[in-house]
Amino acid sequence: MMILKQFITSPTPIQTHTSIFSFHSHALSFTPPTTFRANSLSINQSPHFKTQGNISEEVMEISQLVRFSLLMDDTDTNNYKVCSIPMRLPSDDPTVPTPTELSWINLLYCGIPSFKKHAENDTSVPDAASKAELFAQRYAKILEDLKKDPASYGVPLDIPLLCRLREEVLKEVGFRDIFKKIKVEENTKAISLFENVVSLNDAIEDEGKRLENLIRGIFAGNIFDLGSAELAEVFSRDGMSFSTTCENLLPRPWIIDDLDALKVRWSKKSWKKVLIFVDNSGADIILGILPFARELLRRGSQVVLAANDLPSINDVTYSELIEVLSMLKDEEGNLLGVSTSNLLIANSGNGLPVIDLTKVSQELNCIASDVDLVILEGMGRGIETNLHAQFKCDSINIAMVKHPEVAEYLGSRLYDCLIKYKEV
């Protein structure tokens, strides 16, 4: 399997440490995750759970959503803006969509065939083909309505609204998690590679070089994003090679490149507690984030991984992440020799590929009260939303640019990398 070069090309491929990803995957048995209640817990605990075939109101019991306590206070003005990319100016005609709004509407429209295909293949839903067609028709109609009247489904017209409408239509016609099958498949592949990735990272003695390699692994894993129509086509046709992706990351300097500054702080500072808002299933969480989290644990930090409550595209959910970690840990609760006693899994309360930090679960807010580093990973959480968010603690935004609209806003190359570090 290989990822198409026209999507990720580099005139001078990045050199990896001792052919760091030159290994082969092997098949592992993978049991589809069961559904857990939405409480934060240490992964060393054995959560009580029960399997359920259908969505139930008693599953994923989330308390009232609240403002994230680590956002900078905005008592005088509303400083926090969810969306990083401005859609319109106050002077724009509210009845006429702006060019930026139209470009995002068209982006979501182009993704309909991929969503329809995955919905048709959802064997858990009776009469999936006809329901998939109904989804495509209804969501296309909504997008056409928005082109005529940008306020027809609420204001502001922004990325969270477009994503929310898509999720609502899927649920209305009977779908809960149309990407479940491919998430399971990609998790299985990534689990088979985890030990090799970690072992080769551990072999890098220089701390700065090891950190850079871990960061590159996050970028490489983050490309598994089925919210991009182009990438969805690539995965459908060719699958994904983690090693090829690592080798073909665009060369530095990236569009926002604070890696050197982060290396300096990394060498001097050990954060006591780190919160990571995670993104996709498969290589992203297993080969990108978990090796990085393991390194933080080894350095003495407590780590909180915050995952979605509800399925959205191929984002990893809270319950799926618990299941993945249970498969990676040994009998003593270690991740390849590193204790997970300081690793917590939290339900963010979110159900979208982007996140509004004024709407997180109370459970997450409680756990995050003493966090001194927040990491927003992935294009949806770290670029399309929250790129300009101000926190009371240190923060890192890390993601790959996978939408032309985002590249245009940033003035970057498509598939460019972004790592923004802000020290408080």
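These questions and answers walk through a predicted model of one protein chain.

User: What kind of model is this, and from which number are residues counted along each chain?
Analyst: The model is predicted: local features need pLDDT of at least 70, side-chain atom pairs count only at pLDDT 80 or more, and totals for chains, interfaces and linings use all residues. Side-chain values use heavy atoms, with hydrogens and water left out, and residues along each chain, as its sequence is written, are numbered from 1.

User: How many helices and strands are there in the protein chain?
Analyst: Helices (H or I, at least four residues) and strands (E, at least two) are DSSP runs, numbered from the N terminus. The protein chain has 14 helices and 10 strands.

User: What percentage of the residues of the protein chain count as buried?
Analyst: Buried means under 20% relative accessible area, exposed over 50%, and partly exposed in between (1.4 Å probe, protein chains only). The protein chain has 424 residues. The buried share is 57%.

User: What share of the contacts with a separation of 6 or more is between residues 24 or more positions apart?
Analyst: Contact means heavy atoms within 4.5 Å. Among contacts in the protein chain with a separation of 6 or more, residues 24 or more positions apart account for 76%.

User: How are H2 and H3 oriented to each other, parallel or antiparallel?
Analyst: Helix H2 covers residues 112–120 and helix H3 covers residues 128–148. They pack at about 155°, with axes 8 Å apart. Axes are lines fitted to C-alpha atoms, for helices over the stretch in contact, and angles run from 0 to 180 degrees between N-to-C directions. Angles under 35 degrees count as roughly parallel, 65 to 115 as roughly perpendicular, over 145 as roughly antiparallel and the rest as oblique, so H2 and H3 are roughly antiparallel.

User: How many residues of the contact of H2 with H3 are nonpolar?
Analyst: The H2 side includes Ile112 and Phe115, and the H3 side includes Ala132 and Tyr139. Ala, Val, Leu, Ile, Met, Phe, Trp, Tyr, Cys and Pro count as nonpolar, Asp, Glu, Lys and Arg as charged, and the others, Gly among them, as polar. This contact has 3 charged residues and no polar ones. The nonpolar count is 11.

User: At what angle do H3 and H4 cross?
Analyst: Helix H4 spans residues 159–173, and its axis comes within 9 Å of that of H3. H3 is roughly antiparallel to H4. The angle is roughly 150°.

User: How many charged residues are in the contact of H3 with H4?
Analyst: In H3, Leu134 and Ile142 are among the residues that meet H4, whose side includes Leu165 and Val169. The contact has 11 nonpolar residues and no polar ones. The charged count is 4.

User: Why does H10 count as roughly perpendicular to H11?
Analyst: Helix H10 (residues 283–298) and H11 have axes 12 Å apart. Ile285, Ile286 and Leu290 of H10 touch Leu321, Val324, Leu325 and Leu328 of H11. H10 is roughly perpendicular to H11 because they pack at an angle of about 70°.

User: How many residues of H11 are buried?
Analyst: Helix H11 covers residues 318–328 and is mostly covered. Tyr318, Ser319 and Glu320 are among its buried residues.

User: What is the phi of Asn386?
Analyst: Most residues other than glycine have a negative phi. Asn386 is not a glycine, yet its phi is positive. Asn386 is in the loop between helix H13 (379–384) and strand S9 (394–400), and counts as buried at 0% relative accessibility. Its phi is about 75°.

User: Is Arg88 buried, partly exposed or exposed?
Analyst: Arg88 sits in the loop between strand S1 (41–42) and helix H1 (99–110). Its contacts, not counting residues up to four places away in sequence, include Asp93, Glu101 and Pro150. At 28% relative accessibility, Arg88 counts as partly exposed.
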